[in-house]
Amino acid sequence: MYHLLKGLHEHLTRKEEFSVIIVGLDGAGKTTLLEKIKTLYNDTPGLSPDKIAPTVGQNTGTITLPSTILQFWDLGGQRGIRNIWHKYYDDCHAVVYVIDAEDRERLSEGWEVFDAVLSAPQILGVPLLLLANKQDSPLSLSVEEIRHDYEDWYQRKLESARRDARYGLGENEISARRERIASLDVMGVSAIEGTGVRAAVDWLFIRVQNSRREAQKGINT
Ligand SMILES: Nc1nc2c(ncn2[C@@H]2O[C@H](COP(=O)(O)OP(=O)(O)OP(=O)(O)O)[C@@H](O)[C@H]2O)c(=O)[nH]1
Ligand SMILES: [Mg+2]
C-alpha cells in the first residue's frame with residue numbers, strides 16, 4: 001500500500017522538463033540573461049555581470065516552476081562556435097534569440113544569424129521568442145523599432161534574392177517565413193537589471209505547455 005501511494009504521489013507531483021536554448025551573437029547578453037534568470041528563480045543567485053566572461057561552449061541553468069522544470073542552454077555566440085547550435089535544435093522545446101538592441105552596427109549581422117535560425121527545419125514548429133536586450137540603455141532601439149528593423153532587413157533580403165534568381169527563395173518558403181515573422185513575439189528586456197525577464201520566462205512557460213498539448217492532440221487524433 002505504501003509503495004502504491006508513494007508511486008501515485010510521485011506521479012501526481014512529477015514535473016515535466018523542457019529544454020530552452022538561448023542563442024544570438026556574441027555580446028548580445030545571453031549569459032547575463034541566464035544568470036539573471038537563476039537569480040530571480042533560484043535560492044542560489046547566478047553570477048553577477050562583472051564575473052561573466054564570453055562563453056566558449058555552453059552554460060546551463062535550471063529553474064522550477066509549477067509542475068514544470070525549464071532547463072536553459074546558453075550557447076556561445078562567437079562566429080566559430082555558432083556552427084554547433086544546430087546540435088541542440090532537435091531536442092529543444094523553445095528557442096530564445098537575444099539581440100543587442102544597443103549595437104546598431106551589428107543589427108544586420110544579428111538578423112543574418114537570426115534568419116539562419118528561423119530557417120532551420122528542426123525548429124519549424126518550436127516556440128521562438130525574440131528578445132531585444134539592453135533596454136536599460138538610452139541608446140537601445142525599442143521593441144517596435146527592433147521589429148521594424150528586422151522586417152526591413154527581411155524585405156531587402158527578399159528583393160535582392162528576387163534580383164538574383166540563382167539565390168531565389170521558393171514561394172512556399174517565402175510564405176512560411178512570412179507567417180513566422182507575422183506571428184513572431186518580440187519582448188524587451190534588460191538582462192542586467194532584470195526588467196522584462198519574468199515576462200519572458202512566463203511566455204516560455206505558457207508556450208512550452210501549449211505546444212506539448214498540441215503534440216498530445218496530434219498523437220490522440
Ligand atoms: N547595458 C546592458 N549591458 C548588458 C546587458 N546584458 C548584457 N550586457 C553586457 O553585454 C556584454 C556581453 O554580455 P554576455 O552576457 O557575456 O553576452 P553573451 O551573449 O553571453 O556573449 P557570448 O558568450 O560571447 O556569446 C557584457 O559586458 C554585459 O555586461 C543589459 O541588459 N544591459
Ligand atoms: Mg555568453
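**View 1. Ser67, in the loop between strand S2 (58-65) and strand S3 (68-75).** Strands here are DSSP runs of E with at least two residues, and helices are runs of H or I with at least four, numbered from the N terminus. Ser67 isn't a glycine, yet its phi is positive, about 55°. This serine counts as exposed because it has 12 C-beta neighbours inside 10 Å (exposed means 12 or fewer other C-beta atoms within 10 Å, buried means 20 or more, partly exposed is in between, and C-beta atoms are placed from the backbone). Keep in mind that this is a predicted model, where local features need pLDDT of at least 70, side-chain atom pairs count only at pLDDT 80 or more, and totals for chains, interfaces and linings use all residues. Residues are numbered from 1 along each chain as its sequence is written, while chains are lettered from A and ligands numbered from 1 in the order written.

**View 2. Lys134, in the loop between strand S5 (128-133) and helix H5 (143-163).** Here's another non-glycine with a positive phi, near 75°. Lys134 counts as buried, because 25 C-beta neighbours sit inside 10 Å.

**View 3. Helix H2, residues 30-41.** Buried residues of H2 include Lys30, Thr31, Leu33 and Ile37.

**View 4. The shell around ligand 1.** Of its 22 residues, Asp26, Gly29, Thr31, Thr55 and Gly77 come nearest (near means a C-beta atom, placed from the backbone, within 6 Å). H2 gives the most, three residues.

Methods. Expected span 1.5 Å × (residues − 1). Nonpolar A, V, L, I, M, F, W, Y, C, P; charged D, E, K, R; others polar.
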